[in-house]
Protein chains: 2
Amino acid sequence: MSTNGGKSSGGKDTPPTPGHQVILGTKVPLRLDSGAELSGFTVAYQTYGSLNADRSNAILVCHALTGDQFLADPHPMTGKDGWWEQIVGPGKVLDTERYYVICPNILGGCMGTTGPKEINPETGKPWGLDFPVITISDMVRAQALLLDELGIEQLFLVTGGSMGGMQVLEWASMYPERVFAALPIATASRHSAQNIAFHEVGRQAIMADPDWCGGNYLAEGKRPHRGLAVARMAAHITYLSEQSLHLKFGRRLQNRKSVTYGFEADFQVESYLRHQGITFVERFDANSYLYITRAMDYFDLADKHGGVLANAFRNTPVRFCVISFTSDWLYPTDENRMIVHALNAVAANVSFAEITSDKGHDAFLLDEPEFHRVIHGFINGAAEHRGLVGSSALAPGERAP
Amino acid sequence: MSTNGGKSSGGKDTPPTPGHQVILGTKVPLRLDSGAELSGFTVAYQTYGSLNADRSNAILVCHALTGDQFLADPHPMTGKDGWWEQIVGPGKVLDTERYYVICPNILGGCMGTTGPKEINPETGKPWGLDFPVITISDMVRAQALLLDELGIEQLFLVTGGSMGGMQVLEWASMYPERVFAALPIATASRHSAQNIAFHEVGRQAIMADPDWCGGNYLAEGKRPHRGLAVARMAAHITYLSEQSLHLKFGRRLQNRKSVTYGFEADFQVESYLRHQGITFVERFDANSYLYITRAMDYFDLADKHGGVLANAFRNTPVRFCVISFTSDWLYPTDENRMIVHALNAVAANVSFAEITSDKGHDAFLLDEPEFHRVIHGFINGAAEHRGLVGSSALAPGERAP
C-alpha cells in the first residue's frame with residue numbers, strides 16, 4: 001500500500017515532496033539474518049520517470065552509508081541538490097525520460113524507512129538499540145518486497161556506489177533472475193580490516209558521547225551531536241584522496257594571514273571538516289549510523305558462499321559492469337578487481353573500468369566525465385540487449401535540441 | 001642544574017629510574033615562536049652510554065607524537081620495553097657502548113618536561129589551555145638549551161622518526177654547526193592537509209568529551225578518557241598500512257565463532273583498536289595531545305624560508321640520510337623525497353633509502369632488518385668521518401663474542 005504519495009518529477013524546479021512510503025511485511029514478517037523478524041515496517045522511496053507498459057525499464061539505485069532516497073530531488077531537510085543529480089534526470093546517464101528510477105531509503109536508515117529512530121510498535125517508543133542488527137542482505141530483501149509491491153518482476157538495472165555497490169552485488173547474488181544488468185561502483189565484496197577499524201572509531205565516538213544515553217537519546221530528549229560529528233569527520237577524510245585534500249585546501253589558512261597559536265580552525269581543511277560534522281548531525285540519526293556501519297562491517301559475500309566469491313555468481317544471467325577509481329583508498333581498485341575475477345571465474349558477462357581520478361572515493365558522486373561516459377555506454381548497450389527502444393546517443397548531461 | 005638524577009644504564013635488568021630532570025631558562029627565558037616566554041621550565045630526559053673525553057659521541061634522539069624519553073628503558077608507567085629497544089643499546093645500531101645517547105621529553109609533553117599538565121608557577125594550578133602553543137622549533141630550542149647544560153657543543157648525530165624527524169630537520173636548519181650528521185626517518189618537511197585533518201578529528205574528539213572541561217579537567221578532578229581514546233584509535237589506524245591490518249587481523253573474529261549481531265567487538269581489529277585507546281589514556285595527557293598535534297600541523301619548513309625548502313639548508317655542513325617506508329601513507333616516500341630534493345638543490349651530502357615494508361608508518365619502531373642495516377651503515381660511515389674510533393662491523397643487534 002502506497003501512502004503519502006505524489007510522484008516527484010526529478011525536475012529542479014519542483015518543490016521537494018515528502019516522497020513515497022509503503023508499509024511492507026504485514027502478512028509475512030521479514031526474517032532477518034540475525035534471526036529477528038520485522039513485520040509492518042515502512043520503506044520510504046523516491047521515483048523518477050515512468051514505468052513502461054511491459055515494466056521492463058526499472059532501475060534500482062541503492063544508496064551509500066549516509067545517502068538517502070533523494071537522489072535527484074532537493075533534500076527535504078537541507079534543501080541541497082540530490083546526491084546523484086549528476087547522473088539521474090532527463091537526458092542524463094540514468095535518463096528519466098527512458099527509465100523508471102527507484103531509490104528506496106535502506107532498512108535501518110533515518111529518512112522514513114524503518115530504523116532505530118522509528119517507533120517500535122511493541123513499546124510505543126523509539127527502537128534505539130532494541131532495533132535488530134541488519135545486514136546488507138536484509139536491506140536487499142526489503143527492497144525486493146518493495147519491488148513486489150510496485151509490481152516489478154525484473155529490474156533492468158541495479159546500481160549504486162560504495163555500500164550501494166554492496167547491495168548491487170547482493171541483488172545479483174540473491175535474485176539473479178530479477179536483475180538484467182548490475183553496475184556496482186567503487187565497492188568491495190567484503191569490508192576490509194582498515195574499513196572496519198574506521199567504522200569502529202566512528203561508533204566509539206558516538207557511544208563516548210554522554211548524550212548518546214546508551215542508545216536511548218530520543219526518549220531522553222537528547223542527541224549525541226558531538227560524537228556523531230566526530231564520526232562523520234573521521235569518515236569524511238576516507239572519502240577523499242590525499243591529493244584532493246592537497247589540491248582543495250593544502251595548508252591554506254582560513255580567513256587569516258597567519259596562524260593564531262591556538263586551537264581555532266586556522267587551516268581551511270579544519271574549517272571544512274568541522275562544517276562537514278556540523279551539517280551532518282542535522283540530517284542524520286546517530287543510531288542509524290551505528291547500524292549501517294555494522295551492516296557494512298558484516299558484509300562478506302565470499303564467506304556466505306563457502307569462502308569462494310565466485311560461488312555467489314555461479315550460472316548468473318546478469319551482465320555486469322564494475323567501476324573503480326584510481327585514487328579511492330576506501331574501496332581501492334584491487335577490491336573491485338576481486339569482484340571481476342570472481343565473475344570471470346564463472347564466465348559471467350562482465351566489463352571493468354578503472355577510472356583515473358584524483359577525487360578519491362567520492363568520485364562516483366562528482367563530475368567525472370570519463371566515469372559518466374563509461375557507465376552511459378554500458379547502460380545503453382544493456383538497454384539494446386533488453387530490447388528497450390530509442391537508445392540515446394546523447395552525451396551525458398546533454399539534452400536533445 | 002640536574003635534579004632527580006641517577007644515570008640509567010640502558011640494561012634490561014636495570015629497574016626503571018625516574019630519569020633526569022633539569023630546569024632551564026632560569027636566567028634568560030625561552031622565547032617561543034608565538035611570542036610567549038617560558039622561564040624556569042623543566043626538561044626530563046634519559047641518557048644511555050657515556051660521553052667520551054672530547055664530547056664528540058653524543059646522539060640526540062627526538063621522539064614522536066606519543067613517544068617519550070624512555071627509548072631503551074622499561075616505561076615507568078606501563079612497564080613496557082622502551083620504544084626504540086630494537087635500535088638503542090649495547091651492540092645495537094645506536095651502540096651505547098660507543099655513543100652517548102640522549103633522549104629528552106619534548107616541550108609540551110607529559111612525561112616530566114614542562115607541558116600543559118604541569119603547574120603554572122604564576123597561578124599554582126595546572127597550565128591547561130593557558131600553556132602557550134608551541135612549535136617544532138620551540139621543542140628544538142629547548143633541546144639546545146639542554147645540550148648547553150650538558151656541555152655538548154656539537155652532536156655527532158640527531159635522529160628520530162615521524163615528528164622526531166621534523167625535529168631533526170629543524171636541528172639541521174637552525175643549528176647546522178651543532179649537528180655533524182642528521183638522520184630523519186619517515187617524516188616530512190610540512191604537515192599535509194590530510195594529516196592536519198586527522199589531527200583535527202582527534203582534537204575534536206577530545207574537546208567533545210564533557211570531561212575535558214574546556215581544558216581545565218585536572219583542576220576539576222576529571223580526565224577526558226573517552227575522547228582521548230577515540231583520538232588515539234583514529235590516529236592509530238594511520239600508523240599502520242592497510243596491508244598490515246589485513247595480515248594482522250583480516251576479518252577474523254575475536255574469541256567467537258560467528259558475529260553477534262550487536263555492537264561488541266566482534267572483530268579482532270575492533271578489539272585491538274579499543275585496547276589501543278584504553279591503554280593510551282593511562283599514560284598520556286589529553287591537553288599534551290592537543291598541543292603536540294598543533295605543533296605538527298604548524299610545521300612547514302619551506303614556509304619559514306621564503307617558500308623554498310632548499311633555503312633551510314643552504315651551505316649546510318651536515319651530512320644527511322633520509323629514510324622512508326614503502327607502505328607509510330602518513331609520511332609517504334614522496335614527502336621524504338621532497339627533503340632529499342631540497343638537499344640536492346644545495347649540494348648537501350645526502351643519501352636516501354626507501355625501505356620496502358608492509359608495516360606502514362610504524363615500521364621505524366619495528367623489527368625491519370633492512371632499515372637497521374641501512375642506518376647502521378650510515379652511522380658507521382659518519383662515525384669514521386667524525387674520527388670516532390672503533391667503528392663497529394657488527395650486524396645490528398649482535399654482540400661481540
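1. Copies here are superposed by least squares on the C-alpha atoms of residues with pLDDT of at least 70 in both. The model is predicted. On that basis, a rotation of 180 degrees superposes chain A on chain B. The shift along the rotation axis is 0.0 Å, and the RMSD is 0.0 Å. That is the relation of a two-fold axis. The same surface serves both copies: of the contact residues of chain A, 100% recur in chain B.

2. How many residues does each chain bring to the contact? Chain A gives 42 residues and chain B gives 42 residues.

3. The side of chain A that touches chain B has 23 nonpolar residues. Eight polar and 11 charged residues complete the side of chain A.

4. Now the domains. Chain A is assigned two domains. Domain 1 is made of two segments, 2-192 and 301-386. Domain 2 covers 195-294. Taken over C-alpha atoms, the centres of domain 1 and domain 2 of chain A are separated by 25 Å.

5. The two domains of chain A also touch. In this contact, 27 residues of domain 1 of chain A meet 23 residues of domain 2 of chain A. The side of domain 1 of chain A that touches domain 2 of chain A has 11 nonpolar, 11 polar and five charged residues.

6. One helix pair deserves a separate point. Two packed helices are described by the angle between their axes and the distance between the axes. For H1 (residues 136-150) and H2 (residues 163-174) of chain A, the axes come within 9 Å. They cross at roughly 65 degrees. Angles of 65 to 115 degrees count as roughly perpendicular, so H1(A) and H2(A) are roughly perpendicular to each other. The crossing of H1(A) and H2(A) is right-handed.

7. Which residues make this helix contact? From H1(A) come Ile136(A), Ser137(A), Met139(A) and Val140(A). In H2(A) they meet Met166(A), Gln167(A), Glu170(A), Trp171(A) and Met174(A). By class, the contact of H1(A) with H2(A) divides into six nonpolar residues, two polar and one charged.

How values were computed
Residues numbered from 1 in each chain as written. Chains lettered and ligands numbered in written order. Predicted model: local features only at pLDDT ≥ 70, side-chain atom pairs only at ≥ 80, totals over all residues. Contact = placed C-beta atoms within 7 Å. Nonpolar A, V, L, I, M, F, W, Y, C, P; charged D, E, K, R; others polar. Domains from an automatic or database assignment. Axes fitted to C-alpha atoms, helices over the stretch in contact; angles between N-to-C directions. Helix = DSSP H or I, 4+ residues; strand = E, 2+ residues; numbered from the N terminus. Parallel < 35°, antiparallel > 145°, perpendicular 65-115°, else oblique. Left-handed = near helix turned anticlockwise from the far one by under 90°.
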